[in-house]
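Please open the structure in your viewer and keep the selection tool at hand.

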Amino acid sequence: MKLAYWMYAGPAHIGTLRIASSFKNVHAIMHAPLGDDYFNVMRSMLERERDFTPVTASIVDRHVLARGSQERVVDNITRKDQEERPDLIVLTPTCTSSILQEDLQNFVDRAQIEAKGDVMLADVNHYRVNELQAADRTLHQIVQYYIEKARKQGNLPEGKTEKPSVNIIGMTTLGFHNQHDCMELKKLMADLGIEVNQVIPEGASVQNLKNLPKAWFNLVPYREVGLMAAKYLEQEFGTPYIDITPMGVVETARCIRKIQQVINAQGGEVDYEEFINEQTLYVSQAAWFSRSIDCQNLTGKKAVVFGDNTHAAAITKILAREMGIHVVWAGTYCKYDADWFREQVSEYCDEVIISDDNGAIGDAIARVEPSAIFGTQMERHVGKRLDIPCGVIASPIHIQNFPIGYKPFVGYEGTNQIVDLIYNSFTLGMEDHLLEIFGGHDTKEVITKGISADSDLGWTKEAQAELNKVPGFVRGKVKRNTEKFARERNISQITVEVMYAAKEAVGA
Amino acid sequence: MTVAQPEGLNFDCETGNYHTFCPISCVAWLYQKIEDSFFLVIGTKTCGYFLQNAMGVMIFAEPRYAMAELEEGDISAQLNDYEELKRLCVQIKRDRNPSVIVWIGTCTTEIIKMDLEGLAPKLEAEIGIPIVVARANGLDYAFTQGEDTVLAAMAARCPDKTPVVEAEKHERNAIAKLLNFGKKKEEVQAEESEYVDHPPLVLFGSLPDPVVTQLTLELKKQGIKVSGWLPAKRFTELPVLEEGYYVAGVNPFLSRTATTLMRRRKCKLIGAPFPIGPDGSRAWIEKICSVFGIEPKGLEEREKQIWENLEDYIQLIRGKSVFFMGDNLLEISLARFLIRCGMTCPEIGIPYMDKRYQAAELAMLEKTCQEMGVPLPRIVEKPDNYNQIQRIYELNPDLVITGMAHANPLEARGINTKWSVEFTFAQIHGFTNARDILELVTRPLRRNNNLKDLGWDKLVKEEAKV
């Protein structure tokens with residue numbers, strides 16, 4: 001048992017449902033108790049979805065516990081098959097059904113006899129994989145199912161498309177800025193003269209999955225979802241895949257160069273160097289920004305980064321490599337894929353943190369007192385309490401992270417968006433200086449901050465007044481350092497003298 | 001329009017494939033209500049994910065609730081339940097020092113048959129904090145019924161005798177008492193004399209403190225003293241329940257609590273409609289008065305006054321129809337109020353219908369329909385959302401009260417919706433809050449009135465017929 005207040009990645013079935021509901025005309029049936037269909041609320045709310053979420057529950061109640069599901073699951077599948085005529089119904093196990101150990105595959109087989117559409121059981125173990133791993137597996141499972149089906153029926157298309165083409169794999173519902181990223185990638189491919197063969201799973205039809213092998217290569221923009229499917233396609237058809245996330249100027253260029261290499265290896269004759277140069281210098285503002293005097297003010301400022309593998313790694317590289325910001329630590333909650341993360345970021349930050357305990361992450365932020373945080377919604381709230389600005393770069397996210405305006409994170413427009421996000425997260429440079437010179441905006445009372453800062457120490461009136469003269473944005477830090485200094489020396493009353501002694505000792 | 005059928009209400013039961021919140025959501029409002037409590041939900045990531053998302057930003061205010069997240073070792077009994085729970089509860093005691101830890105049993109603890117009721121007394125004795133066990137799981141209950149299971153468990157913890165420590169307390173506060181002596185005594189006596197002599201009355205149901213005050217004062221006007229509330233603001237202040245005390249519910253989903261109070265605590269239940277809407281509030285007070293043989297004073301005028309204040313909102317909904325998909329058990333009371341406001345109601349979906357506990361409310365619904373000359377609604381227990389949506393398309397109601405899973409898709413199809421969960425979090429009880437109910441009910445109509453000239457009613461492409 002684990003005491004938990006918050007979690008970064010959801011349970012496995014959420015991953016399966018994200019894949020199933022991303023496809024067009026695919027319905028998921030959860031074998032779950034009443035109330036577990038919370039996914040529908042999230043999709044309807046966060047994505048402001050206009051259509052009914054194609055997920056229903058085959059309810060597990062007391063009767064099911066006593067006698068087993070019997071006909072119930074099969075009936076629910078065949079009923080949904082008749083009502084909505086989906087191409088595919090995915091029976092989705094939950095934590096509850098995992099421990100009931102009913103033979104769900106048998107239900108699927110029986111339902112398949114009657115159902116007009118296809119029926120499959122999502123092969124995920126609730127206690128071994130999380131949302132992201134389950135999404136990756138389910139996408140692989142569905143792709144494999146339709147490739148094998150086409151093969152059996154003998155209608156698997158032969159050969160590649162005439163012009164260079166790509167499958168974009170891993171765009172899902174409830175993914176962080178996925179819709180905008182998808183648009184940006186399509187635009188990038190168009191600029192490169194590459195046809196988009198298929199985008200999966202978002203908006204795709206399972207009937208078209210048999211055409212996946214026609215692409216020259218597969219692009220997997222996110223580390224978490226799509227890699228299994230891409231590896232499967234490579235193994236079956238030799239289709240190469242590119243798993244470089246085109247996020248940030250340098251990585252986008254690296255991704256495009258890799259595309260060039262892959263296309264040329266298959267007889268294409270492309271040279272994207274001039275395109276990269278043109279985009280980098282004049283279309284994306286990021287390169288120019290990093291040279292501009294604004295960005296000078298960010299030099300050496302401290303930041304921490306936390307999120308999923310894809311976004312935390314990319315943002316860490318952008319901060320350190322493209323903006324000269326000091327990343328004190330970078331972390332991920334994708335513990336199952338920690339080695340990859342370490343390898344990606346270790347040269348760009350002082351420390352790597354692998355954890356899915358939000359308390360530990362909060363403490364790690366409080367410990368280093370960065371000027372800005374780049375993290376999930378949880379880190380945003382830690383930032384609020386510590387009075388440190390935070391840019392949200394990864395799930396878990398709230399409704400405000402599903403903007404209606406165009407906000408990709410990938411490609412060249414993505415680099416512009418990221419510049420704005422990062423720049424706006426730091427206190428503006430000139431304002432910063434003025435505050436320091438004139439002693440802050442105001443002299444209002446300090447509020448104790450810090451995750452577990454217990455202020456048992458007394459401040460004399462003079463010391464308090466002195467503290468109030470310290471600019472607002474560093475006041476908390478000065479206070480904490482002074483108190484730490486006093487505690488170490490068993491001083492219970494903080495005077496102006498103690499304050500300055502502390503400043504001299506720890507540079508508060 | 002058909003005349004109200006004299007044969008009575010029509011009850012149906014469908015498949016139970018409907019959307020509602022998991023009953024563990026009750027921790028979100030109960031931990032705020034019971035200030036010295038800590039709620040430990042013993043379940044899986046699924047439960048945690050639900051709570052974290054459903055409770056939105058509340059999670060960031062250092063909530064007094066947490067998950068005891070079960071891992072594979074717990075499921076396969078490789079780990080010892082007692083030792084694991086002890087470890088977590090000791091940690092909670094150390095970090096938060098609550099007066100009570102409430103264990104919320106979930107689907108998983110049911111299936112693996114973790115004996116929470118058996119483990120709790122042992123652990124309670126060992127760590128010295130009361131542990132209350134409530135099985136609020138999705139196998140048996142829906143949404144607000146979670147509160148019912150918690151309060152039923154709390155009912156067993158209410159003291160059965162007025163504590164005799166009073167004297168000692170007074171002793172300790174001797175100086176303070178001396179200072180205020182004369183004044184205090186006078187006040188207390190004056191207050192006591194305002195009440196009619198009646199057997200003790202305890203109300204049950206968790207309500208925000210302002211609403212508790214409002215309802216308590218409402219009864220005080222009739223000379224009725226509320227001896228206590230289940231739950232109180234603090235676990236240490238749970239009311240005394242002696243045999244023969246009277247109890248009355250304030251919410252329609254508290255049938256287990258009512259049963260427990262009657263059977264285990266030998267209390268007498270006052271079966272009344274619930275104090276939702278001015279009609280319900282008046283009926284609730286009248287019923288309590290009648291049990292105590294009190295002639296209610298000024299209620300008719302009070303109700304009339306409230307209705308007059310509501311007129312601007314009622315104009316917006318009079319003659320319109322409302323469809324309840326059903327997810328929180330407040331449906332019967334709300335429908336009864338809205339019918340009194342002049343609405344028609346073709347269907348009331350409801351997760352679970354306790355005809356005994358809600359008897360007075362059902363009778364009042366029937367009477368209201370007859371008096372307003374509208375057909376009796378069809379009451380659908382354990383509804384089937386898919387079928388309901390087909391019926392909504394046919395009936396084209398002016399307003400659908402539904403969960404968030406269906407609200408946006410229905411709006412996109414030109415159907416006005418109100419998110420049902422808001423009724424459980426808003427203050428809707430008593431005379432004072434009747435306006436708040438209508439504020440919620442009319443909001444989509446007012447909003448869509450403002451937008452109606454834009455011609456953007458249907459925002460989905462017509463689906464191709466197969």
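The stops below begin with a whole chain and continue to a sheet, a pair of helices and some cysteines.

This is a predicted model, in which local features need pLDDT of at least 70 and side-chain atom pairs count only at pLDDT 80 or more, while totals for chains, interfaces and linings use all residues. Residues are numbered from 1 along each chain as its sequence is written, chains are lettered from A and ligands numbered from 1 in the order in which they are written, and side-chain values use heavy atoms, with hydrogens and water left out.

**Chain A**

Select chain A, whose C-alpha atoms fill a box of roughly 85 × 65 × 35 Å along the principal axes. The chain has 22 helices and 16 strands; these are DSSP runs numbered from the N terminus, helices being H or I with at least four residues and strands E with at least two. Of its 508 residues, 60% are buried, that is, under 20% relative accessible area with a 1.4 Å probe, protein chains only.

**The parallel sheet**

Next, select β12, β11, β10, β13 and β14 of chain A, which in that order form an open sheet with parallel pairing. Strands count as paired if DSSP finds at least two bridges between them. At the edges stand β12 (351-354) and β14 (390-392) of chain A, each with a single partner strand, so one side of each has no neighbour in the sheet. From one strand to the next, the twist averages 15°.

Zoom in on β13 (residues 372-375) of chain A, joined to β14(A) by three bridges. Here Gly375(A) lies opposite Val392(A) of β14(A).

Contact means heavy atoms within 4.5 Å.

**Two crossing helices**

Select α4 (residues 71-84) and α6 (residues 104-114) of chain A: their axes come within 9 Å and cross at roughly 35°. Axes are lines fitted to C-alpha atoms, for helices over the stretch in contact, and angles run from 0 to 180 degrees between N-to-C directions. Among the residues that meet are Val74(A) and Ile77(A) in α4(A), and Phe107(A) and Ala111(A) in α6(A).

**Cysteines**

Which cysteine sulfur is closest to that of Cys95(A)? It belongs to Cys47(B), 5.8 Å away and too far for a bond; a disulfide requires sulfur atoms within 2.5 Å. Cys95(A) is buried, at 3% relative accessibility. Finally, select Cys89(B), which is also buried, with a relative accessible area of 0%. The whole structure contains zero disulfides over all chains.

Methods:
Buried < 20%, exposed > 50% of the residue type's maximum accessible area, 1.4 Å probe, protein only.
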